[in-house]
Structure formats: C-alpha cells, structure tokens
Amino acid sequence: MDSRYQNFAAYRPDLIPSLPGKCRPFVRYRQEAFGYLAAFPNGQVGMYQNSVLPHLKAGQSYAHCRPHLLTEIHLPLNFHFSAPLLGWIEITRKCNLRCPHCFVEGGPVRRNEISTERIKELLLEWAAAGVFSVVITGGEPSLHPDFVEIVHFAHGLGFTVGIATNGLTMKKELLERLPQDDVIISMSLDGAHATGKTDQSEFERVTQRLLEIKAAGFNTSIMTTTTRENARDLQGIIQWAINHEVSLRSVPFVPMGRGAQNRQMQNATEDVELAARFWVAEEEWERIKDQDLGLCTGKVYNFLLTMVFASRRCMSGRGLCYIDSSGDVYPCTTCSGGRTLMGGNIQMRDFMDIWEDNDWGIRQITWDNFRDTCEGCPISDEKFFCTGRCPGSSSVHHGRLDGCGMSPFQLESVLRREELFRQQIKPEPRVVIRPEPQTETV
C-alpha cells in the first residue's frame, strides 16, 4: 500500500484467517473531533474514544476494540466528518449507452472534463484525509483512456474500490489488467440498458457477463433501479442473484437527468406489493451475502444510513460526496442528478477546502427543516426510517429543499416494507435517538 495513505495498520496475523476472501488485511482509521473513526477489513465500521488508538495501531479486531466505542456523541448543526468515508468520482460522462433513467445523461463527454492528473491529485487528497472507499463511475468509466491506470492508482493508495459499469467492455483482456482484492465490479440490471445490437435480452447479457467477471476472480454486484417497467421482473433478478451468489443493491427511480424526460418510469401505487417483497428479499440476501464480503462501498454506505437515522440529518455532504467529470462537488448522486447544492469545483479549489466549508448549504439542513412538511404523515413516526427528508429528492420533485422527497408509491411502499421487515427479518428495528436544541445526542 502506498505510504501516502497515512491512516492504516496491518491486521493482526492471527486474525487474518477469519477474514472473507478478496480483502486486504488492513485496519483503516482516522482522527475525528469526537475521537477515532475506524473501518475493519471484515467491513465493520465504528466510532471510538481516543483510548482506542493503540489498539488500532496494533491491528486489533472490531470485537477487541468494542469497549472503546462511543456511547454518545454531541452533534452541532453543521456536523460533518473530517472527510468523506465514501466518495464517488465520475471520471467521464462518455457512455456507449443512452439509458432513459440515467441521472448523469451519459453519452457525450462534458466540456472541460477533469484530467487524469487532477483525478490522481484528488485521490491523493482523499488518501491523506483517510477516505475509506471510492467508487469509480461514469458514464461508462472503462471508456476513459486511463481507466486501468486510475483504478490501480486508487487501489494502490489503500481504498476499497467499486467500479460501476454497464459491463459491455468488461471482457477478459480488460479484467486481466485490474486488481481484485478490495475491488467490486457492479453492473446495472433493471431492463433499461438494451443495446439494440444483439439478440440477447439485457438480462441474458448482464448475467452472462457477471458470471464471466465472477469466474475471473472478482467480487460482483448487481445495481437495480426499480421502475414501473420492471416491477414484475424484480423477483427474477433477486432470485438470480441469490442462486449465483452475487450481491445486489437497489434504488428507486427518481425523475432526474435523462429520467426527467421519462417520468412514465416512476412506479405507481399498484406496484407497492411487488416492490416491497423484492426489497425485503434484497434485505434478507444482503445479510447473508455481506458475510462473504470485506470492507466495501455497501458496508460503508450502510454505516452512514445508520448515522442518518441516529443523527436526524442526511449524511450526504457530511459523510459522502459525488464529484462529476467536470469537477463539480455534490453531496450525493441525487444532488448531482438534480444539479443542486453544489459545493464547489475541484478544478478551482482543493477538495478539502470545499469539504471544510461550513457554509455549504447541505450542512444547514436537518430533519427539523421538514417538520411542517412531515406533520401528519404516517411514516414521520420514529419507528420508520423515512428517506423522504432528502433535500436532493425534494428539489427534484418540488423545486425546493424542504418538501417531501417521496412519491406516493414510495410513501405506501415504506408502510408495506416496514410490515414485511418486522414479520420476516427483525421485529423491532428501531434506533433510539435523543434530540437537543441545535445539537443531537446519538
């Protein structure tokens, strides 16, 4: 690992046999105002008192460090981690497909796309700051002329690396040039990526390529956008993932980017049962499959979701960010797709100058901003994890930052998903939170 990544320690040799395959045995950690944040090679992430430091330096396990976990943390209004835990970097918008739901409107390159040199400089900034996980995306990232070089550079700095691809170029010759440990290759599968150049269906093409990538030695994942058009196909997708031991993550369609011209793809309320049963199957499979994965984007993201509920504020712009290929820095993919809450541009400023700017608009928004919007809503109760308090989604749906970020379909889905979740997975999935004026105690 490159010595410029300052915040890691080798895992204790006697603990290595317990780790999943395809992960490097390092403990990644960094100092925060509250103490230390650490990510372990098995994928567990925790926040600790300062007393944990010698144990992290010794490469101890999450279980060994458990006595040093924080029991509470006081969060000011503009709370954010000292750097992202997870960063998406769109290395190009160039794409060989024109998918109707693409939030970046992939196809042509952007004007003044960031250079490979600047991408490397950004990765060096992130390494020095202790970022844990990087997603290399596009467009189709493999069409960037320096794609392999960028992947190796990120990997060599110590990040776990996710590659988000449509898979058309992910053939044997390219795969042989990529690192495997701490790398996951994710392909989109949702019925909206037909090429028109083959008799194969999208399902046949993507699943065949996923099996080829898996056979080449990589961890693989499916990315599914749930839409009106694929509601009846979702069970087949998740069942294939289970049968072939491929992980899966899904997101709902949001009418942004090219999707704004294809609003007919939004789910209707009659899709609720199909989508809810798919989501619960996804949750059940995630709990099984994730045991075979080390630290990765999905596990870091899950930690941040826990922080969202516990801190009553979005972690976009506080624990993660998205950088588009022009260098614009957004809190997340949704804000990028909706072109809202941009914090700055890395072709004009160092990334950390942008990240440390407490005047960034996302930093002033908590769930309190949605109090009037949420009043009377059945899922505003604490027992629900409502993702509708999302300024990015609200901007897409309403043109303002404090409206409901959910469609009628999503509102009904949360109620049904919660019911199924309690029946099939966990009867009491609540996180206790204790709010204070202008701060939160987690």
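Which residue in β3 does Q31 stand opposite? The close-ups below, all taken from a predicted model, start with that one.

View 1. Q31 faces Y36, which sits in β3. The two strands that pair up here are β2, covering residues 26–32, and β3, covering residues 35–39; they run antiparallel and share 5 bridges.

**View 2. The open sheet.** Zoom out a bit and you get 4 strands, ordered β1-β2-β3-β4, with antiparallel pairing in an open sheet. The edges belong to β1 (8–10) and β4 (45–48): each has a single partner strand, so one side of each lacks a neighbour in the sheet. Going from one strand to the next, the twist averages 25 degrees.

**View 3. F81 in the largest nonpolar core.** This core counts 94 residues, and F81 is listed among those with the most contacts inside it, along with L123, W126, I136, F147, F159 and F351. Skip the neighbours within four places in sequence, and F81 still touches R30, E32, F34, L37, M47, F303, L304, M307, M315, R318, G319 and W355. There's also a second, separate core, made of 16 residues, including A9, L15, Y36 and F40.

**View 4. The buried side of helix α7.** In α7 (residues 234–243), the buried residues are L234, I237, I238, W240 and A241. Their arc around the axis is only 155 degrees, so they end up on the same side of α7. Among the elements covering them are α6 (202–215), β10 (219–226), β11 (247–252) and α8 (272–289). After α7 comes E245, with a positive phi near 55 degrees.

How values were computed. Residues are numbered from 1 along each chain as its sequence is written. This is a predicted model: local features need pLDDT of at least 70, side-chain atom pairs count only at pLDDT 80 or more; totals for chains, interfaces and linings use all residues. Side-chain values use heavy atoms; hydrogens and water are left out. A nonpolar core is a set of buried Ala, Val, Leu, Ile, Met, Phe, Trp, Tyr and Cys residues joined through side-chain atoms within 4.5 Å. Buried means under 20% relative accessible area, exposed over 50%, partly exposed in between (1.4 Å probe, protein chains only). Contact means heavy atoms within 4.5 Å. Two strands pair if DSSP finds at least two bridges between them. Axes are lines fitted to C-alpha atoms, for helices over the stretch in contact, and angles run from 0 to 180 degrees between N-to-C directions. The arc is that of the directions from the helix axis to the C-beta atoms.
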